[in-house]
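What follows is a walk through some side-chain and helix contacts in one protein model.

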Amino acid sequence: MSLPENIRERRLRTRQNFYPSEASPNRRRRPSSSQHNAGLHAVDKLNPSRYAQRAPAEVQGYPPSSTREKMGNITTLPIRSPGISQAHGTTVPTTLEISSSSSSFFPGAHSFEITSSTFINNTYAGKIVSTVQLNYYLPAEINQEKENAVLDHLSQHTLPGAEHDSSERNDPPLCHPGTRLDIRGEAQGWLRNQHRSEKILWLHGPAGVGKSAVMQSLADDESESLDSILGATFFFSGPRGFIDARYLFVTIARRLAIKYQSYRRYLISLLASDSSIPEKNMALQFRYFIREPFGSKVLEGLPETVAVLLDGLDECRETTAQKGIVSLVGNFVLEFPTSPIIWAIASRPEAHLKESFVLLGNTNSLPPYREVALHVNSDRACRDVEHFLRNSFQDVRKQYPSSFPPSRQWPTRIHFLQIASAASGHFGFATTVMKFITDEDRGNPASQLATVIDVINKVTLPSNKPQPLAMLDAMYTEILSAVPTDVLPITMILLSVVAQQRSVNLLMGPSFDRGFNTFVVVCEWLRLSQEDVSSAMRKLCSVISWNISPPPRTRAKPPTPHHASFTDFLMSPERSKRFHIRDPTPDLLTGAVYFILKAHHPPSNTVDPLRIIRSSSFELDFDWKLSRPVSKASQQLAFLFELTLYTILDHLPQLKSEENTSSGIYERLSAFFKDMDYTGRSPAQGSAGTIFHRVFNENTIASINLDYVNVTGAATYWDLKPSPALSGATSFNLSDNEAWRERLQAQLEKLREFEDYVNVYVVGMRNKSALVIVPLEQDGWLLRNQYLTFPYDEP
């Protein structure tokens, strides 16, 4: 189609007046009509890369040397974006910078016309530096052959199998009918809300919780809608090999080009200018395919909202690429808040992705993203999983009517509840179990169900028997394989603590009742800094729930598995293989000894808890204070010392192992006990004697000699009121009471009537020793804080 007469005449007049040399017989031939209609000549002239390769005098379309000398130096800048579609074509702006000592834009030039363009004068170094935005015309008519060629060119750099409706995504995960209605409703409401304040939706949840099913269902629902706003989709997938970020934005661009004509015409002009753009780095691809066309509002015929869905971002091959995608998209929506394009991104809550999204929120404006979390053990998730299991078992009964007649209850109520309880809202567990039960290649559903029940009951299966949770095990193995080898030993010992928390609590004994964060104590015993813990746990956010609050109050939330199936996996050597965890007790006890020995100074025969330098900066959460005023840091250190001391005393027989004896650990521990001050003069040591009946030999009340009592000590004396339970004690200091001898003697006489309820010990050496009278309950446990202890200088 030829140009309208008025436009053709005006453009011809402009070229003849502006470029007088073109009237000569030797002037360069004008491009053919087909070239002109395809926009090739225009794009070629405006391509900055071509100008960089030759002098301005040789560039096609520049004024002749005589005119150029009058105009000054002209430099072309990169094309910014296509212009607005016209009735007969599209204007494409380019920018010229013209420096001249003259005060005009084109000194000496005359008889030419430029329309609808922008001119800006700036003075720099005594010269006029002018910025000119020229609008160049691109015709509307682009033949089908050119469109197909561009789409074919893009196809060479795309992953069409990663789109939601690709045949390569055979049997994709979908939300079971009637499930995930709350999450899907919230996401769909955000997609359709024209007044949304965020342009990014971040859907995140633990491994196997069903994120891809939600995203697939959203994509299917939108694509089938009559007023669909779905622009493009991309589903990263490690098992399918869709992990390369180089193909992400090219794949999105191709889908948008197929759907929107104005964007397709933009790509044709863009790739005619530079066909290598699909091969450029991810940032440049985003710039040319997304930022320029959707940021400058130059595309016509678009709906108010163009939705792009990205699933499985954490499965992208490199963490730097994952963070780069979040950064590119986030900065785009911050810079162009009115752009029609919105983004729904689904991923596991990996630490680096959390940090990337948090960075987007650290702006003066509102955070550009909205979070939607999929929880495992929520009431709604548990109900959805039970609904899925009921329907799935019903489908099995329909498929095998002869095996499961109406008169037969299958599965039994007990078996159904066992599976539902083991799933506990985890769709990954439930779907894995049902796929195993319904697998026709493995056996009949009844026998397969029996195997599943055995695994739930932790029955070890024969090596030749198929593993019902193999798919889940493969996922967990992949996650642990991503942990760097240099931090893996720390990761495994921490996982053993997380998976066997009950054993850790029993290790700490009655002191666990004090209510504190056992994970912080474990970190101290293992000599792990905050940085050590963070690096060891960083790759496990999809299977472990944990958090470290920022300074000044650095608190570590005790890590807990998102789902019990991960703990079961770690505890089973048949399933976890090289990631099988061992009992953490020996490592923790050894670490506790080394921690407490930091307080011992053998040259001076002293033990001072405040000599200990902590490994981590984690705070302890507990309600416990020393009687004397000390800093909070000293309180926490004193508490750690006392707790560690109790734990060691409770497990002395285990510490008397051949290994500890040969290494000298037990010998050092014995010297520690000899040098410890038991009189109560030092912080945190006054109550240490309450459990020393596990260590020292017993005495009798009759053997107590009051002449050895040291009244100058500051220890607390508990005045017991004897009863079968020996409760109701009050306290006073010996040095504050002149009649202390008579009062103490009367107290001892009363206690002799309850010999079965007390133990008497003399602990320590020389002036560091103390007399300890420990009342016991009938079950053998101590009555906490109800004992007599005072300095006792026995020769």
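Arg 527 lies over the face of Tyr 594, at 5.0 Å from the ring centre. The model is a predicted one.

Rings also meet other rings. A pair of aromatic rings is described by the distance of the centres and the angle of the planes. With centres required to lie within 6.5 Å, the count comes to 17 aromatic pairs. One of them joins Tyr 263 and Tyr 266, with 6.0 Å from centre to centre and 35° between the planes. This pair is classed as tilted because planes under 30 degrees apart would count as stacked and those over 60 as edge-to-face. Both tyrosines belong to helix α10 (residues 261-273), and because they are three residues apart there, about one helical turn separates them. Tyr 263 is buried, and Tyr 266 is buried too. Elsewhere, Phe 249, Phe 286, Phe 332, Phe 336 and Trp 343 make up one aromatic cluster.

Phe 236 is found in the loop between β6 (230-235) and α9 (248-259). Is this residue buried or exposed? Phe 236 has 2% relative accessibility and therefore counts as buried, the cut-off being under 20%. Its contacts beyond four places in sequence include Phe 242, Ile 243, Asp 244, Ala 245 and Leu 248. Also among them are Asp 311, Gly 312, Leu 313, Glu 315, Cys 316 and Ile 325. For Glu 315, the separation from Phe 236 is 79 residues in sequence, while the C-alpha atoms are 5.9 Å apart in space.

Two helix pairs can be followed next. The axes of α12 (residues 319-335) and α13 (residues 351-361) come within 10 Å and cross at roughly 20°. The two helices are therefore roughly parallel, and their crossing is right-handed. On the α12 side, the residues that meet α13 are Thr 319, Gln 322, Lys 323, Val 326, Gly 330, Asn 331 and Leu 334. Their counterparts in α13 are His 352, Leu 353, Ser 356, Phe 357 and Leu 360.

In the other pair, the axes of α16 (residues 427-437) and α17 (residues 445-456) come within 8 Å and cross at roughly 140°. Because angles must be over 145 degrees to count as roughly antiparallel, α16 and α17 are oblique to each other. Helix α16 contributes Phe 429, Val 433, Phe 436 and Ile 437 to the contact. These meet Pro 445, Gln 448, Leu 449, Thr 451, Val 452 and Ile 456 in α17.

Terms used
Residues numbered from 1 in each chain as written. Predicted model: local features only at pLDDT ≥ 70, side-chain atom pairs only at ≥ 80, totals over all residues. Heavy atoms only, no water. Helix = DSSP H or I, 4+ residues; strand = E, 2+ residues; numbered from the N terminus. Buried < 20%, exposed > 50% of the residue type's maximum accessible area, 1.4 Å probe, protein only. Lys NZ or Arg CZ within 6 Å of the ring centre and 35° of its normal. Contact = heavy atoms within 4.5 Å. Axes fitted to C-alpha atoms, helices over the stretch in contact; angles between N-to-C directions. Parallel < 35°, antiparallel > 145°, perpendicular 65-115°, else oblique. Left-handed = near helix turned anticlockwise from the far one by under 90°.
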